[in-house]
Amino acid sequence: MDFQIRTAKKEDCPRLLELIQELATYEKAPEEVTVSLAEFEIAGFGEQPVWWAFVVEHEGLIVGMSLYYIRYSTWKGRRLYLEDIIVTESMRGKGLGKLLMDHTINYAKEAGFSGMMWQVLDWNEPAINFYKKYNSKFDEGWINVNINF
């Protein structure tokens, strides 16, 4: 299969929200997604964006994304915070999560961040097993994960 990874654009926002809703449904909390398309677009593409994303496409359709923002640690400096990495259900198992994760990690390294962190639900074993492949450090509860560069 042929996949392309690129930086998200404003016109991608409706599809990104569909992926976010799919993730919320998977996490048994579909009603928790309350952000409007207008707010989502302003937050990512307004005068002062607070999030950025990479998308992966297959045959012109966005089938996955990694959405991130910059976090500052007084101990570690700038760190990339991976808010969500999502691959649509029909495309899972094809290496797209790895493609997105590797791309996001490489971006963080090239940007000079001191590391990357994210959270994963403690019952989400497929995601936990995926993150373990990156020699990630896990905490308890809402599992805080980071990679030091």
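**Entry 1. The model**

I record at the outset that the model is predicted.

**Entry 2. Helix H2**

I looked up which residues of helix H2, spanning residues 37-45, are buried. They are Phe-40, Glu-41, Ala-43 and Gly-44. Viewed down the axis of H2, these buried residues fall within an arc of 165 degrees, so they line one face of the helix. I then asked what covers the buried residues of H2. The cover includes helix H1 (13-26) and strand E3 (61-73).

**Entry 3. Strands E4 and E5**

Strand E5 runs over residues 115-120 and is mostly covered, with 5 of its 6 residues buried. I checked how E5 pairs with strand E4, residues 77-87. The two strands pair in the parallel sense over 2 bridges. Across this pairing I noted that Tyr-81 stands opposite Met-117 in E5. I next traced the chain from E4 to E5 and found that it passes through helix H3, residues 96-110. This β-α-β crossover is right-handed.

**Entry 4. Thr-104 in helix H3**

From H3 I selected Thr-104, which is found in that helix. Is Thr-104 buried or exposed? Its relative accessible area is 0%; buried means under 20%, and Thr-104 is therefore counted as buried. I listed its contacts, leaving aside neighbours within four places in sequence. Thr-104 is in contact with Phe-54, Ser-66, Leu-80, Leu-82 and Met-116.

**Entry 5. Tyr-68 in strand E3**

I turned to strand E3, where Tyr-68 is found. Tyr-68 counts as buried, at 4% relative accessibility. Not counting residues up to four places away in sequence, I found that Tyr-68 touches Val-50, Trp-51, Trp-52, Ala-53, Phe-54, Leu-80, Tyr-81, Leu-82, Glu-83 and Tyr-107. Among these is Tyr-81, the residue that stands opposite Met-117.

**Entry 6. The largest pocket**

How much space lies in the largest pocket? The value is about 1100 Å³. I found that 43 residues line this pocket, and that Leu-23, Glu-27, Asp-84, Ile-85 and Ile-86 lie nearest its centre. The elements giving two or more residues to the lining are H1, H2, E3, E4, H3, E5 and helix H4 (125-132). I asked which element supplies the largest share of the lining. That element is E4, with 7 residues.

Ser-136 is buried, with a relative accessible area of 13%. Setting aside residues up to four places away in sequence, Ser-136 touches Trp-118, Tyr-131, Val-145, Asn-146 and Ile-147.

I then looked at Phe-138, whose place is in strand E6. Phe-138 counts as partly exposed, at 26% relative accessibility, whereas Ser-136 is buried. Lastly I noted the spacing of Phe-138 and Tyr-72. They are 66 residues apart in sequence and 19 Å apart in space, C-alpha to C-alpha.

Terms used. Residues numbered from 1 in each chain as written. Predicted model: local features only at pLDDT ≥ 70, side-chain atom pairs only at ≥ 80, totals over all residues. Heavy atoms only, no water. Buried < 20%, exposed > 50% of the residue type's maximum accessible area, 1.4 Å probe, protein only. Helix = DSSP H or I, 4+ residues; strand = E, 2+ residues; numbered from the N terminus. Arc of directions from axis to C-beta. Contact = heavy atoms within 4.5 Å. Pairing = 2+ DSSP bridges. Right-handed = clockwise from strand over helix to strand, strands pointing away. 1 Å grid on protein atoms, 1.4 Å probe; cavity = no way out; pocket = protein on both sides within 12 Å on 5 of 7 lines; lining within 4 Å. Points joined across faces, edges and corners; volume = space filled by probe spheres on them.
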